[in-house]
Amino acid sequence: MHGLINRSIQCFTRDTYGEQVWAQVMERADTGYVGFEAMLSYEDDVSYQVLDALALVLSRTRQEVMEDIGTYLVSHEKIGAVRRLLRFSGVTFADFLHSLDELHERVRLAVPELIVPQLTLKEHASGRFSLHSAWEHPDFGYVVMGLLRGMADDYGALVFMDHQGVTKYGEVISIEVVEADFAEGRSFMLGSDVEAAHG
């Protein structure tokens, strides 16, 4: 697993629950590591050992924890790059959804060695979609679902989502956009973000 994934789990835990909880998680996971470097690679089992340990420490399911990590990646004040990458996809939440098919390739342009789920959107009716998340690693559709929840809030859209399980095409997330302009979304200006990045 790419180190960025393990590093994201680490940052989520420390930023949300504190250093002591992270120390408990790593002690319980018993991986031989105390932390992770973003640009290294790790055995896949290490990631799941840490996720399962985190779920045990928090008394939650692994899937719930993974969904929270997805939301963290696009909403926490310390992380701006993921949100900016996704907000470039369009003015509305629907625009964002329709851009998800291209996300896999855009991520590879930014970080060629990072492999992420292949996403395929299907529109069934106005405001009703299903998203297939295909990847060899199980349960990462929950990270995608958390990311979608965070982006819905970012756009100010009222959206209902549910993880529908796994088919031969991957994990399936049902999405219903109830109201596109339910609340005021977070401000996003390309110019100001670019200036901030170079300032």
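Colleague: What percentage of the residues of the protein count as buried?

Modeller: This is a predicted model, where local features need pLDDT of at least 70, side-chain atom pairs count only at pLDDT 80 or more, and totals for chains, interfaces and linings use all residues. Residues are numbered from 1 along each chain as its sequence is written, and side-chain values use heavy atoms, with hydrogens and water left out. Buried means under 20% relative accessible area, exposed over 50%, and partly exposed in between (1.4 Å probe, protein chains only). Of the 199 residues, the buried share is 46%.

Colleague: How many helices and strands does the protein have?

Modeller: Helices (H or I, at least four residues) and strands (E, at least two) are DSSP runs, numbered from the N terminus. From that end, the order is α-α-α-α-α-α-α-β-β-α-β-β-α. The totals are nine helices and four strands.

Colleague: Among contacts with a separation of 6 or more, what percentage comes from residues 24 or more positions apart?

Modeller: Contact means heavy atoms within 4.5 Å. For residues 24 or more positions apart, the share of those contacts is 60%.

Colleague: Why do the buried residues of H2 line one face of the helix?

Modeller: In H2 (residues 19-29), the buried residues are Val21, Trp22, Val25, Met26 and Ala29. Seen down the axis, they line one face because they fall within an arc, taken over the directions from the helix axis to the C-beta atoms, of 135°.

Colleague: Which exposed residues does the face of H2 turned away from its buried side carry?

Modeller: The cover over the buried residues of H2 includes H1 and H3. Just after H2, aspartate 30 takes a positive phi of about 55°. The face turned away from the buried side carries Gln20, Glu27 and Arg28.

Colleague: At what angle do the axes of H1 and H4 cross?

Modeller: Axes are lines fitted to C-alpha atoms, for helices over the stretch in contact, and angles run from 0 to 180 degrees between N-to-C directions. Angles under 35 degrees count as roughly parallel, over 145 as roughly antiparallel, 65 to 115 as roughly perpendicular and the rest as oblique. H1 and H4 are therefore roughly perpendicular. Helix H1 (residues 3-17) and helix H4 (residues 62-75) have axes that come within 10 Å and cross at roughly 85°.

Colleague: Which residues in H4 meet H3?

Modeller: The H3 and H4 axes are 9 Å apart, at an angle of about 100°. H3 supplies Tyr48, Leu51, Asp52, Leu54, Ala55 and Leu58. From H4 come Arg62, Val65, Met66 and Ile69.

Colleague: Is serine 59 buried or exposed?

Modeller: Serine 59 lies in the loop between helix H3 (44-58) and H4. Its phi is positive, about 55°, although it is not a glycine. At 67% relative accessibility, serine 59 counts as exposed.

Colleague: Is aspartate 139 buried or exposed?

Modeller: Aspartate 139 is found in the loop between E2 and H8. Phi is near 75°, a positive value in a residue other than glycine. At 14% relative accessibility, aspartate 139 counts as buried.

Colleague: What separates the C-alpha atoms of histidine 132 and lysine 168?

Modeller: Histidine 132 is found in strand E2 (residues 128-134). At 11% relative accessibility, histidine 132 counts as buried. Its contacts beyond four places in sequence include Thr167 and Tyr169. Histidine 132 and lysine 168 are 36 residues apart along the chain, and their C-alpha atoms are separated by 9.9 Å.
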